[in-house]
Amino acid sequence: MRVCLIATNSFVDDPRAAVLAHQLTEAGHDAHLVASGPRPATPPSIPATFIPTAHPDGWGVIGRLIRKTQSPERRTRLHERALATAALKTGAILFHPTSAAAVPAARLAALAAKGAVARQPNWPSAEPRDLIDLAPSMPELSRPMRAGHPFHTPGQRRAASRPEPDRHQGRRIALAYRKTDSNPGKYLEAALRRAGMTIDLHTDAIDLGRLHPETEAVVFVEGPYPALDVRGTAPGIPVAFWVHHGEHHLAANLRLAERYRADLILLAHSWHLSHYFPKPVQRFPFGMPPDLFDGSRPLAERRFDVAMVGAYLRGGGPYPFRRELVASLERAFGPERTAFEENVSAARMAELYEDARIIPNEGGTRHFPITMRVLEAVGAGAVLVTQPIPGLDQILEAGVHYFEMTEDHVAQMRDLLADPARLQDVVDAARRHVATHHLYDHRVDELLDGLADITPGASSPPEPPTDPLSALIDRDVEVQRILVPAAGPALDLPGREVWTTDQVDDPAPATYEAVAVDGPTDASVLRAARRYIYGANASDALRTYLIEEQPHAQLDEAGDLTRIDLKAASYRAT
C-alpha cells in the first residue's frame, strides 16, 4: 500500500518519525515523506519531498510584500495546503502525520484522495477521514500486505451457533503464554479444552524443534513481559500471535510477531493498526468466558446500581477520565449502591459484576480498546454503558445490547435505572446474542478457520544486532524510548526511538524507559531512566549510582556489559 508520512518538523532529527518510517517499510508498504523546510544534508531513509514554509516561495520583492501581509493563521493554512497537495502527488491512500501539528494537512490530503489519516489517539481527530473510526467498517483502509480471514467485518458476519463440546476431539495445538489471572489466554485455553483439543502448554519458553509430531499450530498470546524464549524451528507448522493491546504496546508487539515467527496476527481490537503488521491480520476480539459467569440473577435482586473493576480508579495514573467517572458516580449513587475496586481477581470481578445493574466502561486515552470489560459485563447479566468504541458495532448493537455513554453520564444512568423493565430487556437480548456469537468457544472455531487459510512462512529466528550493547537492550522487547549521552554509544536499534542528550533539554527523572551509556556518566542522565539502565564499560559508575540512589534495583553483569532493572511498575510478570 502507498503510504505518505507528513511532517511539519525536522523529520531527520525526530527519532519518532524515523521509527514510523522503519515500521511501515518493514511491513512492506511503499512509504513516502512530505516534510516542511529545506532538504537536509542527510537524506531521509524513504523518498521525500520538502516544502518551503513560506508561501509564495520566492517572487522577490512582491513575494516578500505578500508574505509580510499574511496573518499567522493564513500562513499556517497555506502551508497545510501545500503539504496536502504534495502528499496527494505521492499517490498515497493512507496519510501518517508524524506529529499532532501535521494532522490538518493529512486530513486535507485524505479528503481529496478518499483515503484516511492514521494518527495517535491523543492527537486531534481527522474527521471524517480518521482511520480509527473508519477502519472497523472499511478494513481496506488499514490492510496488511496480506489479508487474513475477514471475521467481524461488515462483509463477514458469522451465523448464530452454539458450539458443541468435544467438536474438535483429537486435534492438537501448542499454546504459549505467560499464565496470569488477568491474561485472556486462560479463557482461550479453557475453550480449546472444552472443544476436545489436546493442548501442549508453554508458559516460559518453547522449543519449536521439539513439538509433538501431531501439532497442527502454535498460538502465542501477548502477555506480561519478559517475552517468551523461543528456540528451534518448526517448518510447515503455522504460528499465530494474539495481540490484545493497542498503540502503547504496538512497537513491542511488532517485535514479538517477528520473534515468535508469526504467520497470522490475531488482533483483539484497535483494528486501525492492521497495516503495521507484515503478515495476515485476523480480527479476534475478546470473548465471554462461560465458565466464569452465570449472569442469570435478575437486575431487581442485585445490590449495586453501578460497579466497575479496573486499574487507577483513584489517585494518579494514566486514566484521568476514569477517575472522574468513578468519583462522579460515587457522589451520585453513594457508597452503598456502588462498587469500584482495583487489583482484584477475575473471580472477585465476576462476583461484583453479577451483583450490579450497570457496568460503565472506558478504555483510556492511549488507545481505543474493545476491553475485556465489554463482554464481561454482558456475561454477568449487567447493562453495559460504554464510551463510544470504534469497532464495537461489529460485535454488539447499540441501544439493543448496550448503551453508549453520554456526556452527562450520571443523568443517563439515573434515567436507565428508573426503567428496570427496559434494562432487563437489554440484558436478556445481549446475553442471547453473546451466547450464540461471542463465547470463547466461538473464538476457537474462528481461530481454526483462520489457521486453515495460512501458509506457514520461514521459521528461522530474527538476527540480533551485532553490536553487543544493542543486543543486550534488544532482549527487553518492551523498551522503546532510550536516552544516550551526546557522545554516547551508537546503537543499532532501528525500531526504537534513540534520543541523545543534545536533543533533549535537561531530561526529567524517569521520563525514558531506558538509558544506555558506554562509560562514566553524569547521574542526572541516569536518573532519566524509568525501567532500565544499560552500560558498556561503565560498571564502576553504575554501581556507585545504585548504592547512592537505587538500592532496590537489580544489577546483572556479563563481561563489560551491565543491565540494571530499576523495578519500576510495568506490564511485567511478577
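Reader: With which residue does Glu 341 form a salt bridge, and how far apart are the closest N and O atoms?
Author: Glu 341 forms a salt bridge with Arg 348, and the closest N and O atoms are 2.7 Å apart. The term stands for a side-chain nitrogen of Lys or Arg within 4 Å of a carboxyl oxygen of Asp or Glu. The model is a predicted one, in which local features need pLDDT of at least 70 and side-chain atom pairs count only at pLDDT 80 or more, while totals for chains, interfaces and linings use all residues. Residues are numbered from 1 along each chain as its sequence is written, and side-chain values use heavy atoms, with hydrogens and water left out.

Reader: How many salt bridges does a search of the whole structure find?
Author: The search finds 32. One of them joins Asp 305 to Arg 357, with the closest N and O atoms 2.7 Å apart. That pair links distant parts of the chain, since Asp 305 lies in strand E14 (residues 304-309) and Arg 357 in strand E16 (residues 356-361), 52 residues apart. Both Asp 305 and Arg 357 are buried. Strands (E, at least two residues) and helices (H or I, at least four) are DSSP runs, numbered from the N terminus.

Reader: What is the distance between the closest N and O atoms of Asp 565 and Lys 567?
Author: In that salt bridge they are 3.9 Å apart. Asp 565 is buried, with a relative accessible area of 10%, whereas Lys 567 is partly exposed at 47%.

Reader: Which residues are linked in a network of salt bridges?
Author: Lys 179, Glu 189 and Arg 193 are linked in such a network.

Reader: Turning to Arg 261, where is it found?
Author: Arg 261 is in the loop between helix H7 (250-259) and strand E12 (264-267). Arg 261 is buried but has no salt bridge, and the nearest side chain of opposite charge, Asp 229, is 7.7 Å away. For charge, Lys and Arg count as positive and Asp and Glu as negative, with His and the chain ends not counted.

Reader: Which backbone oxygen does the side chain of Arg 261 reach?
Author: The side chain of Arg 261 reaches the backbone oxygen of Gly 232 at 2.8 Å.

Reader: What unit do E11, H7 and E12 make?
Author: E11, H7 and E12 make a right-handed β-α-β unit. Right-handed here means that, with the strands pointing away from the viewer, the path from the first strand over the helix to the second runs clockwise. E11 and E12 run parallel and are joined by four bridges, with Phe 241 opposite Ile 265 in E12. Two strands pair if DSSP finds at least two bridges between them.

Reader: Which way do the residues of E11 point?
Author: Val 239, Phe 241 and Val 243 point one way, Ala 240 and Trp 242 point the other way, and all are buried. In a regular strand the side chains alternate between the two faces of the sheet. Strand E9 (residues 217-221) also runs parallel to E11, joined by four bridges, and Val 218 has Val 239 as its bridge partner in E11.

Reader: In what order do the five strands of the open, parallel sheet stand?
Author: The order is E15-E14-E16-E17-E18. Strand E15 (338-341) and strand E18 (403-404) are the edge strands, each pairing on one side only. E14 and E15 pair over four bridges, and Ala 307 has Ala 339 as its bridge partner in E15. E16 and E17 also pair over four bridges, whereas E17 and E18 pair over two. Thr 386 is the bridge partner of Asn 361 in E17, and Thr 386 stands opposite Glu 404 in E18.

Reader: Why is one side of strand E20 and of strand E23 left without a neighbour in the sheet?
Author: Strand E20 (497-500) and strand E23 (554-558) stand at the edges with a single partner strand each, so one side of each has no neighbour in the sheet. That open sheet has six strands in the order E20-E19-E21-E22-E24-E23, with mixed pairing.

Notes:
Buried < 20%, exposed > 50% of the residue type's maximum accessible area, 1.4 Å probe, protein only. Polar contact = N/O pair within 3.5 Å; in protein donor to acceptor, adjacent residues only side chain to side chain.
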